[in-house]
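Here is a note for a colleague who will work with these coordinates and would like the local details set out point by point. Please read it beside the structure.

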Amino acid sequence: MKELLDATATLAASYLEQAGTRPVARSASLAEMVEAIGAELPDEGVDPTTVIEDLARGVDPGLVVTNGGRFFGFVEGGVLPAALAADWLTSTWDQNPGFYALSPAAAAAEEICRRWLCDLFHLGSAWSAGFTTGAQLANFAGLAAARHHVLANAGWDLEQRGLFGAPPITVVVGQERHATVDRALRFLGIGRDQLAIVDVDDQGRMRADALPAIDGPTIVCTQAGNVNTGAIDPVGEIADRAHHAGAWVHVDGAFGLWAAASPELRHLTDGVERADSIATDGHKWLNVPYDCGVILCAHPEAHRAALRLSADYLVRNGERQGSDWTPESSRRARAFAVYAALRSLGRRGVAEMIERSCAQARRIAERLAGDFEVLNDVTLNQVLIRVGNDDDRTRRTAAAIQHGGETWLGTTVWQGRTALRISVSDHAIDDAGIDTLVRALTTAAEA
Ligand SMILES: *Cc1c(COP(=O)(O)O)cnc(C)c1O
């Protein structure tokens with residue numbers, strides 16, 4: 001075993017050493033990749049060290065280096081050293097945080113992370129937390145708690161009677177909500193006809209003054225961090241109006257919520273502490289490995305009523321049953337990596353990491369402003385640019401960069417126009433990474 005793990009550690013270290021210089025992405029077809037790692041299931045088993053060395057060699061051309069300081073596509077965090085090491089131990093320990101009896105250790109890590117996250121985001125100390133695969137499932141969990149709560153207030157026992165015949169629920173969303181919100185609602189039996197879609201401003205923020213009149217069971221779903229512009233809805237103002245009418249306020253804060261952890265940026269998230277549920281990601285801006293999201297909820301009883309595995313667990317004497325707070329039963333003990341990330345950074349380190357990404361985004365926008373059109377107000381970690389006011393040139397610039405291998409970014413459509421989307425989410429991005437991005441963009445756009 002020791003030999004296998006040593007060999008694996010050597011492979012991991014050499015990957016990380018090369019992450020800053022190897023091609024960020026290469027074109028590899030699925031058929032080539034499948035062929036490279038062996039298309040047929042062997043009849044006889046293969047020695048583990050050989051399996052691992054062959055695997056690492058075979059998949060190598062198809063690895064996209066999102067954690068080497070030169071990746072600006074989507075909103076992808078890198079990996080902090082302590083979080084990576086804790087993630088290795090998580091697999092080694094093979095803990096299942098679904099039930100306290102299966103891992104008091106994982107329950108303790110979840111409880112500490114719950115407290116630390118509530119502290120970092122200035123939430124009440126009694127908020128509940130569930131550790132999910134990502135913000136998709138965190139949105140699902142928060143909206144499930146919301147659905148339970150607004151129906152209970154209307155006198156409807158959802159867990160007993162189900163959704164058939166229930167009072168209709170209205171979900172108020174912004175035009176610029178993330179696609180995972182619609183998918184979470186779909187899983188919850190709430191369709192497009194139940195949405196009240198609110199106008200947004202030029203940065204994609206829901207307009208508080210455009211909220212519809214609220215009547216009956218209503219969930220208002222706000223956003224902290226638009227995937228294109230980084231803009232954050234005026235959550236406080238929306239929450240005040242929505243609460244006045246008895247609605248539940250959810251925040252999709254996959255990455256934008258992290259601004260709350262910075263004294264310099266906190267004003268952007270003003271009012272999130274007055275929401276009823278907040279979804280965020282660990283694997284984006286906190287820079288822990290995939291998979292990790294978090295649902296935070298101001299109403300633990302609604303959170304647990306919506307998700308708990310069985311009513312038989314109601315008396316628990318202070319234990320934490322992980323399966324009360326996520327839609328899963330058995331799962332990965334994700335909180336060990338969150339714990340390691342938070343402790344290795346400390347409160348000040350988290351704030352500095354978030355502030356650094358935002359300062360880097362502003363610097364990128366300033367340096368590109370001459371040759372490119374910057375489409376958004378760069379208030380967070382996102383920069384949207386366009387080449388020669390031309391959709392086709394903009395797309396070709398992205399394609400050239402994606403093939404070049406030096407760096408990576410993707411395209412989007414913002415207010416009807418094709419744009420390049422730059423996201424600064426990897427803690428490993430430094431001045432050299434920014435130089436590489438600016439140079440690659442300038443060269444590709446000229447060509
Ligand atoms: C990334 C993102 C999600 C989905 O998160 P996953 O981690 O991919 O599940 C939801 N909302 C917003 C605003 C996001 O940026």
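Predicted model: local features only at pLDDT ≥ 70, side-chain atom pairs only at ≥ 80, totals over all residues.

1. Residues are numbered from 1 along each chain as its sequence is written, and side-chain values use heavy atoms, with hydrogens and water left out.

2. On the ligand shell: 15 residues surround the ligand, and the closest are Gln136, Asp252, Asp281, His283 and Lys284 (a residue is near a molecule if one of its heavy atoms lies within 4 Å of it). By class, this shell has 4 nonpolar, 8 polar and 3 charged residues, where Ala, Val, Leu, Ile, Met, Phe, Trp, Tyr, Cys and Pro count as nonpolar, Asp, Glu, Lys and Arg as charged, and the others, Gly among them, as polar. Helix 6 (residues 135–153) gives the largest share of the shell, 3 residues; helices (H or I, at least four residues) and strands (E, at least two) are DSSP runs numbered from the N terminus.

3. On polar atoms around the ligand: a polar side-chain atom of Asp252 lies 2.7 Å from a ligand nitrogen atom, while a ligand oxygen atom is 2.8 Å from an N or O atom in the side chain of Asp281. For His283, a polar side-chain atom lies 2.7 Å from an oxygen atom of the ligand. The ligand taken alone exposes 380 Å², of which the protein buries 85% (Shrake-Rupley method, 1.4 Å probe).

4. On the cysteines: the structure holds 0 disulfides, a disulfide being a pair of cysteine sulfur atoms within 2.5 Å. Cys113 is in no disulfide, and the nearest cysteine sulfur, that of Cys292, is 8.3 Å away. Cys113 counts as buried at 0% relative accessibility, and Cys292 counts as buried at 1%, where buried means under 20% relative accessible area (1.4 Å probe, protein chains only).

5. On Asn96: this residue sits in the loop between helix 4 (81–93) and helix 5 (104–120) and is buried, with a relative accessible area of 15%. The side chain of Asn96 reaches the backbone nitrogen of Gly98 at 2.9 Å and that of Arg331 at 3.4 Å. Not counting residues up to four places away in sequence, Asn96 touches Leu102, Ser103, Ser329, Ser330 and Arg331, contact meaning heavy atoms within 4.5 Å.

6. On Asn226: located in the loop between strand 4 (218–223) and helix 9 (235–244), Asn226 counts as buried at 0% relative accessibility. A polar atom of the Asn226 side chain lies 3.0 Å from the backbone nitrogen of Thr229. Residues touched by Asn226, beyond four places away in sequence, include Glu176, Gln203, Phe255 and Trp414.

7. On the backbone: most residues other than glycine have a negative phi, and most peptide bonds are trans. Asn287, found in the loop between strand 6 and strand 7, has a positive phi near 65° and is buried, with a relative accessible area of 0%. Asn389, in the loop between strand 9 (382–386) and helix 12 (391–404), has a positive phi of about 45° although it is not a glycine.

Note on methods: Buried < 20%, exposed > 50% of the residue type's maximum accessible area, 1.4 Å probe, protein only. Polar contact = N/O pair within 3.5 Å; in protein donor to acceptor, adjacent residues only side chain to side chain.
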